[in-house]
Amino acid sequence: MYRVNEAGSTLVESCRKIATNGVASAAANVDAQAQFPESSIRSLADAGLFGLTLPREVGGQEQGPSAFAAIVEELAQSCASTAMIYVMHITATQAIAASSTLGGKNELLTEIAAGRHLTSLAFSERGSRSQFWAPVSRLEETSNGNFVTSAQKSWVTSASHADSFVSSAQKPGAESPLESVIYLVDRKADGVHVEAGFDGLGLRGNDSTPVTLKNVAVPADRLLTELGAGAPMMLEVVLPWFVVGTAAMANGLCRAAVTATSAHLTAGRFEHDNSSLRDLPNLRARLAQMSVRTEQSRALLAHTAKAMEQPDEMTPLFVLQSRLAAVQAATDVTDLAMKACGGAAFSKHLGIERLFRDARAGWVMAPTADHLQEFVGRALTGLPLF
């Protein structure tokens with residue numbers, strides 16, 4: 001589907017084995033206990049997948065969006081929490097790699113590629129909620145040319161486990177939230193406080209919790225962009241990679257729902273007349289709808305990933321559309337799976353109710369489905385996004 005090159009195909013196959021042999025077996029407990037999937041993330045690091053998209057000179061695998069989508073899809077079929085953590089790591093890594101201002105960048109990228117550094121995004125703030133592009137926090141310049149900031153970051157994936165956060169703030173003296181800057185902060189830096197653990201409806205193991213920054217020092221060489229240049233990095237680097245990852249995660253949930261539903265309809269029987277659930281045309285119709293919606297979404301994402309590798313004027317629109325299509329497909333497909341499998345789907349043994357819950361997270365995750373509809377509509381009518 002994603003037309004991955006030979007080296008990428010080997011990595012996808014390696015990830016498939018990790019997902020089916022280890023990630024899947026831990027997934028139910030990760031969900032039930034809202035437990036960070038440490039063993040699963042360690043397996044990805046050990047397999048060299050932390051540096052999937054980084055250049056070979058820093059030890060990376062030098063793969064593009066297509067391989068990223070294929071790998072995330074494999075993970076999401078087994079454990080969406082693991083997939084979410086990985087998506088945030090790769091997206092944040094791309095921001096670090098794109099920086100022309102970060103001191104010691106190659107050394108940090110080498111640590112990431114070696115599996116010794118987990119990173120994540122810290123964009124959304126309590127004051128601007130899901131409008132991640134509009135930070136209300138601000139950098140303040142100090143007398144020595146460095147900076148200090150305070151912020152209330154909301155829903156930071158891997159909050160208690162990441163080594164660093166790629167974060168955003170308004171530049172000093174900004175007249176608009178779009179006059180922002182992206183910077184890197186260590187999780188263990190003075191003034192960084194991770195709030196209580198996550199206990200949500202879905203993606204329960206992704207450790208997505210608020211993080212408070214209080215008078216945190218930001219040295220000038222920890223800036224990932226020039227002052228005021230945060231928005232272009234958000235929209236041109238972070239957003240496309242985040243979209244590919246989260247769309248692939250949604251598609252993986254769809255594929256898992258189709259597989260589980262097909263297996264249940266095939267195995268489930270009516271003893272009184274020796275028929276099976278698959279003999280009912282209404283259930284087969286639901287399964288057909290699920291499969292079609294899944295493959296439509298996957299096809300659009302595959303096209304988008306290739307467009308990102310050779311971008312043109314239509315690529316930004318495809319980026320927005322692919323995430324919108326995927327989050328809509330995931331909610332619809334998992335809803336159909338619940339209906340097709342009936343009472344069995346409400347129990348834990350099929351795993352469908354977990355897919356149903358995990359799929360809902362994508363709908364409200366910034367940019368939300370409502371934001372995406374607005375963005376696509378504005379793009380199609382020639383209006384600026386903001």
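Accessible areas are computed by the Shrake-Rupley method with a 1.4 Å probe, and for residues only the protein chains shown count as cover. The structure is a predicted model, in which local features need pLDDT of at least 70, side-chain atom pairs count only at pLDDT 80 or more, and totals for chains, interfaces and linings use all residues. Residues are numbered from 1 along each chain as its sequence is written, and side-chain values use heavy atoms, with hydrogens and water left out.

**Figure 1. Overall view of the chain, with ten helices and nine strands.** Helices (H or I, at least four residues) and strands (E, at least two) are DSSP runs, numbered from the N terminus. The radius of gyration, 21 Å, is close to the 21 Å that the globule rule gives for 386 residues, so the chain is as compact as a globular protein of that length. The radius is taken over C-alpha atoms, and the rule is 2.2 Å times the number of residues to the power 0.38. The C-alpha trace spans about 85 × 45 × 40 Å along its principal axes. The accessible surface of the chain comes to about 15,900 Å², and carbon and sulfur atoms account for 51% of that surface. Of the 386 residues, 56% are buried; buried means under 20% relative accessible area, exposed over 50%, and partly exposed in between (1.4 Å probe, protein chains only). Among contacts (heavy atoms within 4.5 Å) between residues at least 6 apart in sequence, 73% join residues at least 24 apart.

**Figure 2. The largest pocket, with a volume of about 750 Å³.** Its lining comprises 32 residues, and those closest to the centre are Trp-155, Ser-208, Val-364, Met-365 and Ala-366. On a 1 Å grid over the protein atoms alone, a pocket is an open set of points with protein on both sides within 12 Å along at least five of seven lines, whereas a cavity is a set where a 1.4 Å probe fits but cannot get out; lining residues have an atom within 4 Å of a point. Grid points are joined across faces, edges and corners, and a volume is the space filled by probe spheres set on the points. At least two lining residues come from each of α4 (80–98), β1 (119–122), β3 (147–156), α6 (230–267) and α9 (352–364), and α9 gives the largest share, four residues. The lining holds 20 nonpolar, seven polar and five charged residues. Here Ala, Val, Leu, Ile, Met, Phe, Trp, Tyr, Cys and Pro count as nonpolar, Asp, Glu, Lys and Arg as charged, and the others, Gly among them, as polar.

**Figure 3. The second largest pocket, with a volume of about 390 Å³.** Among its 17 lining residues, Leu-235, Glu-236, Pro-240, Pro-316 and Val-319 lie nearest the centre. Two or more lining residues are given by each of α6, α7 (281–309) and α8 (315–341). This lining has 14 nonpolar, one polar and two charged residues.

**Figure 4. The largest cavity, holding about 60 Å³ of space.** Three cavities of 30 Å³ or more are found in the whole structure. Residues lining the largest cavity include Thr-246, Met-249, Arg-323, Asp-358 and Trp-363. Seven lining residues are nonpolar, two polar and two charged.

**Figure 5. The second largest cavity, holding about 40 Å³ of space.** Its lining includes Asp-31, Cys-79, Arg-204, Arg-354 and Asp-358. The largest share of this lining, three residues, comes from α1. The lining divides into five nonpolar, one polar and four charged residues.
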